[in-house]
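User: I would like to go through this structure with you, a few places at a time. Could you begin with how you use the word "contact"?

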Amino acid sequence: MLTIQNLSTSYGQIKAIKGISLEVPAGKIVSLIGANGAGKTTTMRTIAGQLSPQSGTITFQGQRIEGWKPHKIVKAGLALVPEGRAILGKMTVQENLEMGAFQRKDPAGIKEDMEKMMTWFPILKERRNQLGGTMSGGQQQMLAIARALMSRPKLLLLDEPSMGLAPLVVSDIFKVITQINREGTTVLIVEQNVKQALKIADYGYVLEAGKIVLEGTGESLLNDERVKEAYLGGRKHA
């Protein structure tokens with residue numbers, strides 16, 4: 001569904017990602033893991049059209065999309081849940097969800113999806129008229145995911161969905177991600193919570209200093225000594 005080849009993106013003079021290549025097959029969950037500053041968020045923002053790559057290609061469903069504007073990429077079927085959630089704090093839960101569907105022209109389908117989100121995320125139904133900014137971090141993350149799903153994406157990009165959340169809430173978020181995937185949405189997830197991300201992943205990539213240094217099935221990476229040492233409680237990772 002998504003193929004990235006030799007992708008490089010810079011912030012000014014700093015090369016954040018350096019010629020990375022990866023694939024996300026339809027129907028799968030792919031995890032991109034790495035330490036803080038490895039280039040994970042830059043990768044996601046480049047795929048979503050928020051940053052322009054210096055070189056390389058991004059192909060989504062057979063179509064080259066690098067350099068496209070973000071709204072065009074959303075319309076093509078790719079939605080990003082950004083790091084930090086980016087909830088519209090002065091709008092209600094319902095209004096946030098409606099914003100997720102702003103490019104759609106099918107009122108009946110939007111209504112149907114709104115009800116589906118309320119079923120998938122019962123807390124959103126309960127807080128339907130509450131301002132997004134007054135919700136807890138976990139509730140805001142649920143809202144951010146539901147808002148992205150309102151655009152009916154074929155591929156959902158999740159950037160650090162567990163950031164700043166309590167362990168119990170993190171567990172709930174990952175259950176939701178697995179459920180979304182079972183319902184037919186392909187997922188690319190960027191995470192510092194390596195154990196959780198690899199547990200649910202069909203395939204994973206390890207990013208270090210802007211380069212992919214390791215790849216394999218989620219299970220094989222979980223059991224890889226280098227991954228264990230660097231990310232799962234071995235030596236401290238620089």
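Analyst: Contact means that heavy atoms lie within 4.5 Å. Please keep in mind that this is a predicted model.

User: Understood. Which residues does Glu 215 touch, leaving out those up to four places away in sequence?

Analyst: Glu 215 touches Tyr 203, Gly 204, Tyr 205 and Leu 221. With Tyr 203 there is also a polar contact of 2.7 Å between the two side chains.

User: Where is Glu 215 found?

Analyst: Glu 215 is part of strand S10, which covers residues 211–217.

User: And why does Glu 215 count as partly exposed?

Analyst: Its relative accessibility is 45%, and the partly exposed class lies between the buried limit of under 20% and the exposed limit of over 50%.

User: How far is Glu 215 from Thr 43, C-alpha to C-alpha?

Analyst: Their C-alpha atoms are separated by 16 Å, and the two residues are 172 apart along the chain. Thr 43 belongs to helix H1, where it is one of the buried residues.

User: How many residues of H1 are buried?

Analyst: Six of the eight residues in H1 (residues 40–47) are buried, so the helix is mostly covered. The buried ones are Lys 40, Thr 42, Thr 43, Met 44, Thr 46 and Ile 47. Just after H1, Gly 49 has a positive phi of about 90°.

User: Let us move to Ser 31. Is it buried or exposed?

Analyst: Ser 31 is buried, because its relative accessibility is 0%. The residue lies in strand S3, residues 29–33.

User: What does the side chain of Ser 31 have at 2.8 Å?

Analyst: A polar atom of that side chain lies 2.8 Å from the backbone oxygen of Ala 197. Beyond its neighbours within four places in sequence, Ser 31 is in contact with Ile 189, Ala 197, Leu 198, Ala 201, Tyr 203, Gly 204 and Tyr 205. Tyr 203, Gly 204 and Tyr 205 are also among the residues that Glu 215 touches.

User: Now the helices. At what angle do H6 and H7 pack?

Analyst: Helix H6 and helix H7 (residues 167–182) pack at about 15°, and their axes are 10 Å apart. H6 is therefore roughly parallel to H7, since angles under 35 degrees fall in that class. The crossing is right-handed.

User: Which residues meet there?

Analyst: From H6 come Gly 138, Gln 141, Met 142, Ile 145 and Leu 149, and they meet Val 169, Asp 172, Ile 173, Val 176 and Ile 180 of H7. By class, this contact has seven nonpolar, two polar and one charged residues.

User: What about H3 and H6?

Analyst: H3 (residues 93–100) packs against H6 (residues 137–149) at an angle of about 35°, with axes 7 Å apart. This crossing is right-handed. Val 93, Asn 96, Leu 97 and Gly 100 of H3 meet Leu 143, Ala 146 and Arg 147 of H6. Four of the residues in this contact are nonpolar, two polar and one charged.

User: Finally, where is Ser 151 placed?

Analyst: Ser 151 sits in the loop between H6 and strand S7 (155–159). Ser 151 is buried, with a relative accessible area of 15%. A polar atom of its side chain lies 2.8 Å from the backbone oxygen of Ala 148.

User: And which residues is Ser 151 in contact with, leaving aside neighbours within four places in sequence?

Analyst: Ser 151 is in contact with Val 74, Ala 79, Gly 100 and Arg 104. Gly 100 is also one of the H3 residues that meet H6.

How values were computed:
Residues are numbered from 1 along each chain as its sequence is written. This is a predicted model: local features need pLDDT of at least 70, side-chain atom pairs count only at pLDDT 80 or more; totals for chains, interfaces and linings use all residues. Side-chain values use heavy atoms; hydrogens and water are left out. Axes are lines fitted to C-alpha atoms, for helices over the stretch in contact, and angles run from 0 to 180 degrees between N-to-C directions. Helices (H or I, at least four residues) and strands (E, at least two) are DSSP runs, numbered from the N terminus. A crossing is left-handed if the near helix is turned anticlockwise from the far one by less than a right angle, and right-handed if clockwise. Ala, Val, Leu, Ile, Met, Phe, Trp, Tyr, Cys and Pro count as nonpolar, Asp, Glu, Lys and Arg as charged, and the others, Gly among them, as polar. Buried means under 20% relative accessible area, exposed over 50%, partly exposed in between (1.4 Å probe, protein chains only). A polar contact is a pair of N or O atoms within 3.5 Å; within protein, one must be able to donate a hydrogen and the other to accept it, and residues adjacent in sequence count only if both atoms are side-chain atoms. Angles under 35 degrees count as roughly parallel, over 145 as roughly antiparallel, 65 to 115 as roughly perpendicular and the rest as oblique.
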